[in-house]
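Visitor: I'm new to reading protein structures. Could you walk me through this one with a few questions?

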Amino acid sequence: MSKSLPYSVKDLHYDNAKFRHRSFFKVITQTLFSSEMRRECVSCSTGKFLGLLMIFGLACLMLTHANSTHSVSDGLAEGIGTNEGQKVITDVGLRLKKLLRRAPRLPPRLPQNEKGSSGMFTGKTNKPDEEKWKARQKEVREAFIHAWSGYKKFAMGYDELMPVSQRGVNGLGGLGATVIDALDTAMIMGLEDVVSEAGSWVELHLLNKISQKGQVNLFETTIRVLGGLLSAYHLSGGDHDMNLANKGPKPTVYLDIAKNLADRLLSAFTSSPTAIPFSDVVLSDYSALPFLNDKSSTSEVSTLQLEFNYLSEISGDPKYKTEGMKVLAHFKTLPKVEGLVPIYINPDTVLVWNADHSEAMRGVRHLLVQKTIPNELVFVGELPWGSNGTFSPKMDHLVCFLPGTLALGATKGITKEKAIKDNLLTFEDLENLKLAQDLAKTCFEMYSVTSTGLAPEIAYFHTKEYFESGLDGGNNSSEYVNDIVIKRADHHNLLRPETVESLFVLYRITQDPKYREWGWQIFESFEKHTKVDSGGYTSLDDVTTLPPPRRDKMESFFLAETLKYLYLLFGDSSVMPLDKFVFNTEAHPFPLGGSPCLLAQAPSLPSLQTFPLQCHVVMEREMVKQKQVSSHSVQLNQVGMSTFQLPSVRIHLCSFFPAVLLMLVATTSVLPTFGLRTGIDENFSPSSVVEFPFVGNLSV
């Protein structure tokens with residue numbers, strides 16, 4: 001098992017072209033002749049010690065290079081123009097040039113066919129490309145209409161459609177999940193007839209179903225039904241920010257039903273002996289009960305906060321937020337192991353570990369990230385809980401949401417180009433963004449290695465410790481056919497959205513057109529192999545054979561997530577911008593700002609760990625504004641000196657750099673890995689922040 005993440009800062013795609021490099025002479029003179037700097041250095045014992053080091057370095061320099069000087073003099077006197085003399089002069093010149101060299105820039109490394117004329121993505125497309133993507137977006141819209149028509153014809157009011165047998169099925173509590181899941185997608189696509197049909201059904205039937213239904217899953221009902229109602233409320237003009245629905249009921253209809261449903265779902269929280277809610281709710285009598293094994297899913301109970309917080313904000317009733325946030329508040333008080341948590345949690349005893357995002361990602365890198373053989377695809381495996389667990393090179397398709405989440409965490413929804421320009425990225429952000437891009441590549445190749453071009457539910461990966469022959473995806477033309485192992489029990493495809501979700505997010509953030517192209521290939525495979533002529537799309541039993549056997553199920557998330565993300569991926573980035581909207585687990589968009597995370601009620605901006613991950617985008621941006629976030633960055637102080645800021649220490653680079661530099665000269669060495677960039681923007685401001693890659697360890 002790999003002991004650590006196969007990444008270092010040298011792997012990062014980093015560009016700081018906006019900074020103007022200062023010359024070596026300017027760095028030294030600005031350091032030595034600043035009166036404030038002199039006072040600061042002389043007044044401290046460290047400065048005096050380093051001053052002595054500098055004197056010692058000068059002495060060593062003179063003694064060490066005496067013979068070299070003599071050799072040069074001899075060469076000048078006796079052999080000017082000769083090969084020996086020229087060689088000595090050249091050698092000294094090269095050493096001096098090497099010493100005074102500028103640190104190399106690390107521009108984004110992109111395949112030639114993915115670069116613009118300048119070698120960087122600009123985010124701008126030419127007119128033919130714009131027309132191409134508009135046409136492709138229209139095809140996704142037509143696919144949604146085809147899916148909805150099959151559902152409306154054969155399964156209206158049921159949770160999901162069985163398109164092959166042309167009937168409906170209730171597997172999610174019988175609340176008409178596909179109707180609510182499809183509603184905001186239809187609004188975004190401008191399908192007014194679908195909005196009218198779905199909205200009218202919600203107004204006429206949903207409240208009655210809620211009051212009569214029995215047991216439902218808290219998580220599934222929250223993300224699909226409650227989340228869908230709240231999103232429909234906002235998109236239909238409930239917040240007065242926008243209105244994408246000219247037809248259908250008034251926004252208050254969606255809000256009133258959402259409150260009724262949420263009041264019943266709250267019993268999962270109030271019935272539990274701890275802050276951890278039970279997994280299931282009986283809607284008809286406001287009661288709740290744990291799952292069969294008395295455990296709740298850790299991911300489920302910690303992803304409900306967005307819906308309940310937003311409902312408190314728009315309804316004015318804090319009870320929803322209060323119950324939801326108790327979960328995370330309780331997690332925060334418990335011990336943790338490398339930021340990672342077990343999959344299940346017992347509501348009675350609450351045996352769980354707390355995690356914050358940064359620590360969790362460090363744990364993922366250390367314990368779960370590996371590369372395949374022979375082509376080094378990056379994947380996130382599994383580790384059974386406990387000290388003696390054996391690493392499993394297994395990755396569910398569900399994990400493919402992670403690239404998008406990492407990218408969002410790195411740039412907070414804005415483009416990478418803007419984040420770099422505004423000095424908002426830390427080293428860890430850049431590392432996470434690199435990991436996100438590598439994982440997205442792996443997720444896409446899970447599609448490309450199969451005969452159908454569609455991913456299996458679960459993939460295993462060829463490593464030093466694991467490989468099984470004869471279990472490939474069937475596409476022998478794929479470069480990665482020997483990297484990915486697909487076991488027979490995992491051949492099915494459920495029309496899942498996680499990969500296209502990450503492609504959508506990464507395209508918005510990096511502006512790299514390859515993510516659009518990958519998404520289009522996936523969409524074409526859905527069209528070719530899952531479309532049912534009578535209406536709807538079907539999941540598949542085996543993606544490795546042609547023609548693939550059909551499973552006869554159209555999951556509601558195909559309309560809520562898969563087609564929505566593809567539509568947004570091919571469309572204009574100004575629609576549902578990622579710094580203005582947050583998508584819940586079922587891709588229902590909520591407005592960012594104060595509302596989802598209730599920042600107005602948290603003026604002191606407490607630790608991010610107190611809030612759900614979805615809120616980190618909002619809160620971290622606010623904390624940066626208020627200069628409460630400590631980042632690994634170089635700041636320029638009032639006299640323009642560079643200081644390296646760690647959470648608990650500030651080191652004046654200009655204090656020790658001359659002495660160390662002279663010591664290095666004395667031993668004829670150079671600075672091979674410490675690529676120091678001391679740069680100042682032409683419009684220098686004392687509060688501006690300059691970041692530079694630091695290769696290696698700095699211990700103080």
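Visitor: How many salt bridges does the structure hold?
Guide: Before we count, keep in mind that this is a predicted model. To make the tally, a side-chain nitrogen of Lys or Arg has to be within 4 Å of a carboxyl oxygen of Asp or Glu. Going by that cut-off, the number of salt bridges is 26.

Visitor: Let's look at one. Which residue forms a salt bridge with glutamate 428?
Guide: Glutamate 428 sits in helix α18, and its partner is in helix α15 (residues 357-367). The two are 63 residues apart, so this pair links distant parts of the chain. Their closest N and O atoms are 3.8 Å apart, and the partner is arginine 365.

Visitor: What does the salt bridge between glutamate 382 and lysine 394 tie together?
Guide: These two side chains meet with N and O 3.8 Å apart. Glutamate 382 is partly exposed, at 32% relative accessibility, and lies in the loop between β10 (378-380) and β11 (394-396). Lysine 394 is in strand β11, so the pair ties together parts that are 12 residues apart in sequence.

Visitor: Now the sheet with β4, β5 and β6: which strands are its edges?
Guide: This open sheet has 3 strands in the order β4-β5-β6, with antiparallel pairing. An edge strand pairs on one side only, and that picks out β4 (215-217) and β6 (287-289).

Visitor: Which residue in β5 is the bridge partner of glutamine 215?
Guide: β4 and strand β5 (residues 280-282) pair in the antiparallel sense, over 3 bridges. For glutamine 215, the partner in β5 is valine 282.

Visitor: Which helix packs on that sheet?
Guide: Look for a helix touching both β4 and β5. Its direction makes about 70° with that of β4, and it spans residues 218-235: helix α9.

Visitor: One last stop, helix α20. What covers its buried residues?
Guide: Helix α20 (residues 514-530) has 17 residues and reaches 24 Å from its first C-alpha to its last. Its buried residues include Trp518, Trp520, Ile522, Phe523 and Phe526. What covers the buried residues includes α6 (127-155), α18 (427-448), α19 (498-510) and α21 (557-569).

Note on methods. Residues are numbered from 1 along each chain as its sequence is written. This is a predicted model: local features need pLDDT of at least 70, side-chain atom pairs count only at pLDDT 80 or more; totals for chains, interfaces and linings use all residues. Side-chain values use heavy atoms; hydrogens and water are left out. Helices (H or I, at least four residues) and strands (E, at least two) are DSSP runs, numbered from the N terminus. The expected span of a helix is 1.5 Å times one less than its number of residues. Buried means under 20% relative accessible area, exposed over 50%, partly exposed in between (1.4 Å probe, protein chains only). Contact means heavy atoms within 4.5 Å. Two strands pair if DSSP finds at least two bridges between them. Axes are lines fitted to C-alpha atoms, for helices over the stretch in contact, and angles run from 0 to 180 degrees between N-to-C directions.
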